[in-house]
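I opened this entry to keep track of what I looked up. The notes are in the order in which I took them.

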Amino acid sequence: MCGIVGIVGKSPVNQALYDALTVLQHRGQDAAGIVTVDKGRFNLRKDNGLVKDVFHTRHMLRLTGQVGIGHVRYPTAGSSSSAEAQPFYVNSPFGIAFAHNGNLTNAHELFDEVTKVSRRHINTTSDSELLLNIIAHELQNTVGLVLTPEDVFKAVAAVHQKIRGAYAVVAAIIGNGMLAFRDPFGIRPLSLGKRKTEFGDEYMVASESVALDTVGFTFIRDVAPGEAIYITEAGELHTQQCAKNAINAPCIFEFVYFARPDSFIDGISVYASRVNMGRKLGKKIAREWSELDIDVVIPIPETSTDVALQIAIELDKPYRQGFVKNRYIGRTFIMPGQTQRRKSVRRKLNAISSEFKDKNVLLVDDSIVRGTTSEQIIEMARESGAKKVYFASAAPEIRFPNVYGIDMPSANELIAYGREIDEVSELIRADGLIFQDLQDLVDAVSELNPQITQFETSVFDGKYITGDVNQAYLERIDTQRNEGAKTSGLQTELSNLEMHNMSNG
């Protein structure tokens with residue numbers, strides 16, 4: 001999962017891009033980058049690390065210009081290379097800088113076309129660079145030194161027809177303006193905002209609405225699935241639907257885990273959706289665990305706090321903060337490597353022993369992926385004196401790989417894969433384990449925007465919304481992947497020129 005932002009302004013945009021990326025830091029802690037356009041040239045700074053560590057004063061002073069884009073990238077299993085950091089750019093046509101959140105599911109098919117037919121060189125193992133070269137090739141077919149909106153929309157329409165998967169994209173095109181578009185299913189989020197100044201209107205796109213709020217832009221609306229937004233350097237806004245039969249089926253895991261609670265995605269408050277998740281899960285616990293003597297409800301910070309509070313209300317039990325979080329440790333389920341994930345849990349959380357001692361505790365988390373974090377936290381609760389430790393997940397059992405840009409690609413790494421709930425409970429050493437029902441999860445989110453009737457829920461039910469993922473596909477990518485030597489993004493098989501990416505945003 002990654003975060004993207006783009007601004008067409010009337011004054012320098014470097015500070016606004018920086019501030020937006022800091023707000024989107026939860027979407028990626030591995031690398032960060034900003035490109036600005038000034039006097040017909042790209043100014044680029046990107047590297048591995050957090051936003052605050054990548055950009056220093058000397059870098060910010062060089063990022064001049066009134067048009068720019070930014071990206072934060074999240075860590076994947078195995079080592080990360082700074083060559084994978086975004087934005088990417090190509091010199092032809094015009095000069096295009098590009099940032100992408102998502103994953104292409106037909107990347108291995110596209111590689112031959114890009115390298116042999118379009119005769120373009122792919123310098124990294126990232127499917128984002130592949131996508132950049134595809135859009136560049138389509139824009140190459142335009143006539144004239146200045147793009148028209150019709151040129152841009154025609155190119156995006158051609159891209160939609162070629163590629164499959166999840167993608168939210170922003171691109172700066174020298175001498176023309178900024179382009180942003182979203183995949184035809186709306187799997188990855190993208191928001192559009194506007195700010196009025198004395199010099200004219202400024203526009204901004206970002207992965208989450210909270211980034212717009214932070215830098216003073218007013219949220220206009222979400223970019224529709226399949227829609228393209230084109231803003232000229234002069235600040236003229238053009239929009240068009242560029243995909244046939246587009247439907248809105250956003251990734252439900254955005255609401256469970258990734259997005260900030262103060263964001264709105266597709267008209268849905270992330271905070272309110274998590275309150276609804278807690279209400280529905282609390283009713284299930286009351287119904288199915290009525291015999292359990294639960295003394296206290298404790299969240300595993302931070303995503304589950306709103307869920308846990310609502311569960312406590314439903315159960316009429318005390319709600320307590322039993323763990324203190326070190327905010328300077330990244331998200332553990334996307335840490336590179338199982339050993340590092342185990343070590344990071346202890347560095348990330350510390351228990352308040354008095355809240356556990358001699359109590360039957362209900363721990364609440366947003367989800368259980370590999371189970372590593374859950375097992376360690378339950379052990380911490382017992383070490384702190386808990387008599388019994390029950391565990392509730394705001395999401396259903398995650399049994400299937402994600403192919404749309406979240407780093408849970410191998411089914412064998414998922415603790416619920418091929419196991420019953422009792423088996424999972426035993427593995428994480430809980431005295432009881434309960435999951436949210438999938439329909440309750442869908443209802444918790446959709447109740448806030450009835451116009452959205454479908455969500456991307458493949459990690460729970462194995463139904464991949466793009467319709468191009470089968471068992472052979474999953475077996476191939478599982479074979480390509482191993483815990484010790486995974487490259488972030490596109491996996492390259494040099495022996496047969498077959499490429500694929502599972503997790504680059």
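**Confidence**

I am working with a predicted model. I looked up the mean pLDDT of the protein and got 90, with 90% of the residues at 70 or more.

**Overall make-up**

I find 16 helices and 23 strands in the protein. Of its 505 residues, 63% count as buried. I also checked how far along the chain the contacts reach. Among contacts with a separation of 6 or more, 71% are between residues 24 or more positions apart.

**Helices α5 and α6**

At what angle do α5 and α6 cross? I took α5 as residues 127–140 and α6 as residues 149–162, and the axes cross at roughly 135°, coming within 9 Å. An angle over 145 would count as roughly antiparallel, so at this value α5 is oblique to α6. I noted the crossing as right-handed. On the α5 side I list L131, I134, I135, H137, E138 and L139, and on the α6 side D151, V152, A155, V156, A158, V159 and K162. By class, these residues divide into 9 nonpolar, 1 polar and 3 charged.

**Helices α9 and α14**

I next looked at α9 (residues 270–288) against α14 (residues 438–446). Their axes are 8 Å apart, and the packing angle is about 145°. The crossing of α9 past α14 is right-handed. From α9 I have S273, N276, M277 and K280, which meet D440, L441, D443, A444 and V445 of α14. I sorted the contact by class and got 4 nonpolar, 2 polar and 3 charged residues.

**S304**

I located S304 in the loop between β16 (296–299) and α10 (305–315). Is S304 buried or exposed? Its relative accessibility is 0%, so S304 counts as buried. Apart from neighbours within four places in sequence, S304 is in contact with P299, V364, D365 and D366. I also took the C-alpha separation of S304 and V256, which is 8.6 Å for residues 48 apart along the chain.

**F217**

I found F217 in the loop between α7 (209–214) and β11 (218–222). F217 counts as buried because its relative accessibility is 3%. Which residues does F217 contact, leaving aside neighbours within four places in sequence? I list I7, G193, K194, R195, E202, Y203, M204 and L212. I put the C-alpha atoms of F217 and V205 at 9.7 Å, with the two residues 12 apart along the chain.

**T232**

I placed T232 in strand β12, which covers residues 227–232. The relative accessibility of T232 is 11%; the limit for buried is under 20%, so T232 counts as buried. Not counting residues up to four places away in sequence, T232 touches V8, N176, G177 and H238.

How values were computed
Residues are numbered from 1 along each chain as its sequence is written. This is a predicted model: local features need pLDDT of at least 70, side-chain atom pairs count only at pLDDT 80 or more; totals for chains, interfaces and linings use all residues. Side-chain values use heavy atoms; hydrogens and water are left out. pLDDT is the predictor's confidence in each residue, from 0 to 100. Axes are lines fitted to C-alpha atoms, for helices over the stretch in contact, and angles run from 0 to 180 degrees between N-to-C directions. Helices (H or I, at least four residues) and strands (E, at least two) are DSSP runs, numbered from the N terminus. Angles under 35 degrees count as roughly parallel, over 145 as roughly antiparallel, 65 to 115 as roughly perpendicular and the rest as oblique. A crossing is left-handed if the near helix is turned anticlockwise from the far one by less than a right angle, and right-handed if clockwise. Contact means heavy atoms within 4.5 Å. Ala, Val, Leu, Ile, Met, Phe, Trp, Tyr, Cys and Pro count as nonpolar, Asp, Glu, Lys and Arg as charged, and the others, Gly among them, as polar. Buried means under 20% relative accessible area, exposed over 50%, partly exposed in between (1.4 Å probe, protein chains only).
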